[in-house]
Amino acid sequence: MGKHDKKIQAVRDLLVLEETDAKSKSLKSDRLYREELRKRSQEYRLNAEKKLEVDQLSNTRKLKEEIAKAKPESGTEAIDRILGEIKGASSNVANKSGEPLYPNDFPKPMPDQQRYHTGLAQRLGKSSSIDESKKPIPFESATGLYEKELKEGIHGTKSYIGGQRVKELEDQLRVAKSAKESKTSFPEAEQNKALQDKFREYIQFFNKPGVPPEKVRYLAELQAKQWFEQTYGK
């Protein structure tokens, strides 16, 4: 083999090596690609399964909510719910001992109305003597506002507003009890109470001198029925 032929063979060998190396790299790259594809495929599958599970839970929750809407709250369910709400509302204005959380929402105590003097006149700025053996008479306001504020709090304060909320819930609790006893749903019992209250309101409105009782009742029933249909669409 001549010198020229040897050079050609060397070039050929180099090309073979480069081709072999390229194939090796290509195979390695293809193997890595397939491995990455497998990993991504597994990750995609897991994500898809997780999304499906979340969707199923969401659909189950929505189904329960729809069922709850379709089935009105019973009297027993309403009692349990309202008792919890009363507990929460009460704790917003008073501690466990019943003491107000906001003492300044209430008027300051007034002195006793009767001090039971012994008859000695007041002298030199000193109060006359008091007979401690006798029970003092508590202060009474002319309008009853003082006593009301002493019990419920001054109008507009946190204690007053919170107390009114507790009263509203207590009224709802009585309706829930009525629903339980009559075996009707809580919404239906609420509507019945609203109709009764409106009927009594119209009775007072139409009960005028000279109007026969039967006419008063007829007009009250008519107006209450119209109000109910406009309010509840029935």
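Analyst: One cut-off comes first: an angle over 145 degrees between two axes counts as roughly antiparallel. The model is predicted.

User: How are H2 and H4 oriented to each other?
Analyst: H2 covers residues 75-91 and H4 covers residues 158-182. Their axes come within 8 Å and cross at roughly 165°. Angles over 145 degrees count as roughly antiparallel. H2 and H4 are therefore roughly antiparallel.

User: Is the crossing of H2 and H4 left-handed or right-handed, and which residues of H2 make the contact?
Analyst: H2 passes H4 in a left-handed crossing. On the H4 side, the contact residues include Arg165, Leu169, Leu173 and Lys180. On the H2 side, the contact is made by Gly75, Thr76, Ala78, Ile79, Ile82, Leu83, Glu85, Ile86, Ala89 and Ser90.

User: How many residues of the contact of H2 with H4 are nonpolar?
Analyst: Ile79 and Ile82 of H2 are among the contact residues, as are Val166 and Leu169 of H4. The contact also holds 4 polar and 5 charged residues. The nonpolar residues number 11.

User: What is the orientation of H4 to H5?
Analyst: The axes of H4 and H5 come within 9 Å and cross at roughly 115°. The range from 65 to 115 degrees counts as roughly perpendicular. H4 is therefore roughly perpendicular to H5.

User: Which residues of H5 make the contact with H4?
Analyst: H4 passes H5 in a right-handed crossing. H4 brings Gln172, Val175, Ala176 and Ala179 to the contact. The contact divides into 5 nonpolar, 1 polar and 2 charged residues. From H5 come Phe186, Ala189, Glu190 and Lys193.

User: What is the orientation of H5 to H6?
Analyst: H5 spans residues 186-206 and H6 spans residues 213-232. Their axes come within 8 Å and cross at roughly 140°. Roughly antiparallel needs an angle over 145 degrees, and roughly perpendicular covers 65 to 115. The 140° angle therefore makes H5 to H6 oblique.

User: How many residues of the contact of H5 with H6 are nonpolar?
Analyst: H5 passes H6 in a right-handed crossing. Phe199, Tyr202 and Phe206 of H5 are among the contact residues, as are Trp227 and Phe228 of H6. By class, the contact has 2 polar and 3 charged residues. The nonpolar count is 13.

User: Which helix gives the most residues to the lining of the largest pocket?
Analyst: The elements that give two or more residues to the lining are H3, residues 145-152, and H4. With 6 residues, the helix that gives the most is H4.

Definitions and conventions
Residues numbered from 1 in each chain as written. Predicted model: local features only at pLDDT ≥ 70, side-chain atom pairs only at ≥ 80, totals over all residues. Heavy atoms only, no water. Axes fitted to C-alpha atoms, helices over the stretch in contact; angles between N-to-C directions. Helix = DSSP H or I, 4+ residues; strand = E, 2+ residues; numbered from the N terminus. Parallel < 35°, antiparallel > 145°, perpendicular 65-115°, else oblique. Left-handed = near helix turned anticlockwise from the far one by under 90°. Contact = heavy atoms within 4.5 Å. Nonpolar A, V, L, I, M, F, W, Y, C, P; charged D, E, K, R; others polar.
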